[in-house]
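The sequence and structure come first, and the description follows.

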Amino acid sequence: MPYISNTDRDRREMFDKIGVERFDELIRAIPAKFRIQDGLKLDKPLSEMEITNKIKNQTCSNLCAQSANSFLGAGVYDHFIPAAVDSIVSRPEFFTAYTPYQAEVSQGTLQFIYEYQTMICELTGMEIANASMYDGASAIAEAILMAVRKNKLEKALLPATLNPEFVKVIKAYTEGVGVELVTIPAKDGLTDLVALQQLLDDSVGSVVLQSPNFFGNIEDAAAISELVHTQSKCLLIACVDPISLAILNAPAESQADIVVGEGQALGNSMYMGGPLFGFFATKLDMSRQMPGRIVGGTLDKVGNRAYALTLQAREQHIRRTKATSNICSNQSLCTLAATVYMSLMGKEGLREVAMQSTQKAHYLAEELCKIAGVSLKYPDTPFFKEFVIKTPKPAREINEKMLPRAIYAGVEVGANELMLAVTEKKTKADIDAFVTAMKEVCHV
Amino acid sequence: MSKTIFEHSSAGRKGVTLPSREIDTPLDKIIPAKYHRARAARLPEVSELDVMRHYIKLSHLNHFIEKGLYPLGSCTMKYNPKIHESLVRHTCFANLHPYQHESTLQGALELLYELQEDLAEISGMAKVTLQPVAGAQGEFTGIKIIDAYHKAKGNTHKTKIIIPDSAHGTNPATCSLVGYDVVELKSNADGRCDIARLRELVDENTAGFMLTNPNTLGLFETQIAEIAEIIHSVDALIYMDGANLNALLGIVQPGKIGFDIMHYNLHKTFSTPHGGGGPGAGPVGVVEKLVPYLPVPMVSKDDDGYHLDYSHEATSIGKVHTFYGNFAILVRAYIYIKMLGAEGLRRVSENAIINANYLMAILKDYYHIQHQEYCMHEFVADGTKQKKENGVSTLDIAKRLLDKGFHAPTVYFPLIIPEALMIEPTETESLESLDAFAQAMIEIAQESAENPELMHEAPISTPVRRVDDVRAVKELDPIFKIGE
């Protein structure tokens, strides 16, 4: 039997020690009428060779991933991942351990989380980060809930330019505790500052800002922050693309109070959108209101540097109904990938990733706009690595016609609108081939 | 202690070389200068070898399953098969994008569909969502479904959820998050739900009842039929926390004995790795009447193939994850179920139960065990004897185990057992490794009597000595001060 060492002979020896004759005596507490009578109806078991063949021949033959020239983004991005990332992440020392409850035999995990927290704070300019949330969406939701704990104001403003999938998750997380969500209208693909000003009053507890926003556009965070902070209690929650922070302003510089985001782009494969991980950072004065695990530096009993889980009195296993969040398991291994990735990329490498992504995205935008009927939806708005085009044919039709060419054109954000993402992995040849195909598809 | 990666940094060193720029438009021409970052983020400047040495050195400081027994109660630290890792990493899954055209995702959707079906069969539930990414998020999804059910029925008076005092902390924390008041049910002398007390607590305002089964004492809740009758009599729903499902595979289907909703911890029962704290996965199964409230999308199947199905969005609780859950974790659980099949899964639970009872039979002569009846997959011993007789605490016992090459059990939980040591050996441990753990526990009992000072000093042979977590709170140090 796979993965079980004990033989029937071992079982008999154990039964003797326990003092039973048969297994059924051990489960006599389960009333007979509750027991399964004729076994579970599952497929017959496969050996390692058989499951390998099934996955490779059946599952993978019905998938197209490796060879496609893809411009899909909208929250998950195909950035380059150096081989050393997987070499570290696939070590059982990291992936078969659990939450570092016993600090003395978990210093490896604790220290990398401490380093991860440091890197997130360095990118965002904040003072404290937690060990991770489930994804960018739940990180924003938890930030809104933290703002409510801090200022007791139960209204949050969400921009119309926020990722719509995030909005669904935020709604699920916040509606039960009575948070009122109000949408800030958009103008030219950006948060409408006039509308924001009108919506702001002393009942607003937090304002969410996503930049680059769902459409890839760079929001004027400083201007938004200035408006938000005219209300003394209101907190600004900035949701950012961590790659962009290598070249764009750190949210702390525009006085964000809480900074969150989707971290997948940092060294994690796309895997059809999961696992992802959310990063969560804020200022020290809000440390006791934070959700999730936090690692802190300390000493051991003989004065050596050591690390431990800290501020645990916030957490569910201690505070129960009054916990700052119900989160227990998080996305730790994904943050290990991010930590190793950021170490390998370093100061210059991450900047190069961001530069090449934005340069290539702008090159693609420029080339596409040379096609008759194709134009930028937000021509006067700065963007980072993702942008929306208007198309002369329905977006769905374009995507379907691209499929036989092994191209995933973009995410349909309107009937005649495609959103395209470009990372440093795209070569000029990939981009040119896509533009040529677009010419053909748009004008046959 | 190891230096941080930042202390290895040396200006100009690189761990990665990217291709030279094919497009080299100056940043000023692309993005207005006012958005440009003024000061570069001080990420480390290190070579690939620096990075490898640093993180491999850190890895050596961890306890992990392949190093030794990891009897963390209710966490099910079983062996994680390596074929899972190989097939997930080295096939077609890593590069899939969630917004690919459905026709290019058929293999993945088929896999997810089969996993939905297999998990439903294992639990006896009607339908399963794979979207929640952790046990606590599964609980959240389940309680949201309870909430949606009552709202749809106009049950606006339902404000409270009852939870036993032996429950995991995520249960009450989850109810608060969904907006319910929590009422605690005391356990009876047997360590199970106090039915008489439950009858008193349940009224028209009761929305639901959360029960871990087997409970955190490792005991099967035998009175589930009565509990179901009491809860259902006021149109409330019963949620099963599936943290301990490893005891029930092929033995009991929770959906057939009165439970309305449950979550599965795939990183426990279905052997996906715990990842140093995650990612896991927390799918949720429901009975037929709750299917309309499941998150969107579900994976459905018709003559055209497999689909991401949003057709019930109007009644659904919405979404709890940006996309479709932790896909790469779901693939691992799928492989596990396909390799074990019905007979293998039953064998898992049988051996988990036998292993736990075997350890309990040995340790009961050395440690106090409140509930000595046969346990399911785990049992709770405690350090009250050592505390009273030798002044040795459960924390001391846990730390001394680390010296002997084992991870500690879950300690001080459940809260209703003083000095608790919650022990879950799992089915993948052999007789010999159980004997070795039992021997270590026996030695510790002896050391507690003969040399309590040694116990207070423990651990001695670990990478660091006992860590001062009070200092970690009082002198909060959450980030390395780069350049200081």
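## Loop residues

Thr426(B) sits in the loop between β12 (420-423) and α12 (431-450) of chain B. Helices (H or I, at least four residues) and strands (E, at least two) are DSSP runs, numbered from the N terminus. Residues are numbered from 1 along each chain as its sequence is written, and chains are lettered from A and ligands numbered from 1 in the order in which they are written. This is a predicted model, in which local features need pLDDT of at least 70 and side-chain atom pairs count only at pLDDT 80 or more, while totals for chains, interfaces and linings use all residues.

Thr426(B) has a positive phi, near 70°, and is a residue other than glycine. Thr426(B) is buried, with 27 other C-beta atoms within 10 Å. A residue is buried if 20 or more other C-beta atoms lie within 10 Å of its own, exposed if 12 or fewer, and partly exposed in between, with C-beta atoms placed from the backbone.

In chain A, Gln255(A) also has a positive phi, about 65°, although it is not a glycine. Gln255(A) belongs to the loop between β8 and β9 of chain A. Gln255(A) counts as partly exposed because it has 16 C-beta neighbours inside 10 Å.

| Residues joined | Omega |
|---|---|
| Ser211(A) and Pro212(A) | about -10° |
| Gly274(A) and Pro275(A) | about 5° |

Pro212(A) is in the loop between β7 and α9 (221-228) of chain A. Pro275(A) is in the loop between β9 (258-262) and β10 (278-282) of chain A.

## A covered strand in chain A

Strand β8 (residues 235-240) of chain A is mostly covered, with six of its six residues buried. In a regular strand the side chains alternate between the two faces of the sheet. On one side of β8(A), Leu235(A), Ile237(A) and Cys239(A) are buried, and on the other Leu236(A), Ala238(A) and Val240(A) are buried. Strand β7 (residues 204-211) of chain A runs parallel to β8(A) and is joined to it by six bridges. Two strands pair if DSSP finds at least two bridges between them. One of the bridges links Val208(A) to its partner Ile237(A) in β8(A).

## The sheet in chain B

Seven strands of chain B form an open sheet with mixed pairing, in the order β1-β7-β6-β5-β4-β2-β3. β1 (127-129) and β3 (181-185) of chain B stand at the edges with a single partner strand each, so one side of each has no neighbour in the sheet. On average, neighbouring strands of this sheet are turned by 25° against each other, direction ignored.

Strand β6 (residues 261-263) and strand β7 (residues 284-286) of chain B pair in the antiparallel sense over three bridges. Ile261(B) has Val286(B) as its bridge partner in β7(B).

Thr212(B) is part of strand β4 (residues 206-212) of chain B. Thr212(B) is buried, with 23 other C-beta atoms within 10 Å. Leaving out residues up to four places away in sequence, Thr212(B) touches Ala167(B), His168(B), Asp241(B), Ala243(B) and Asn244(B). Two residues are in contact if their C-beta atoms, placed from the backbone, lie within 7 Å.

## Domains and the contact between chains

The domain assignment of chain A gives domain 1 (69-81 + 347-442) and domain 2 (84-340). Such bounds come from an automatic or database domain assignment. The centres of domain 1 and domain 2 of chain A, taken over C-alpha atoms, are separated by 28 Å. Contact between them involves 24 residues of domain 1 of chain A and 23 residues of domain 2 of chain A.

The contact of chain A with chain B takes 169 residues from chain A and 170 residues from chain B. Helix α11 (residues 332-368) of chain A gives the most to chain A's side, with 24 residues.

Axes are lines fitted to C-alpha atoms, for helices over the stretch in contact, and angles run from 0 to 180 degrees between N-to-C directions.
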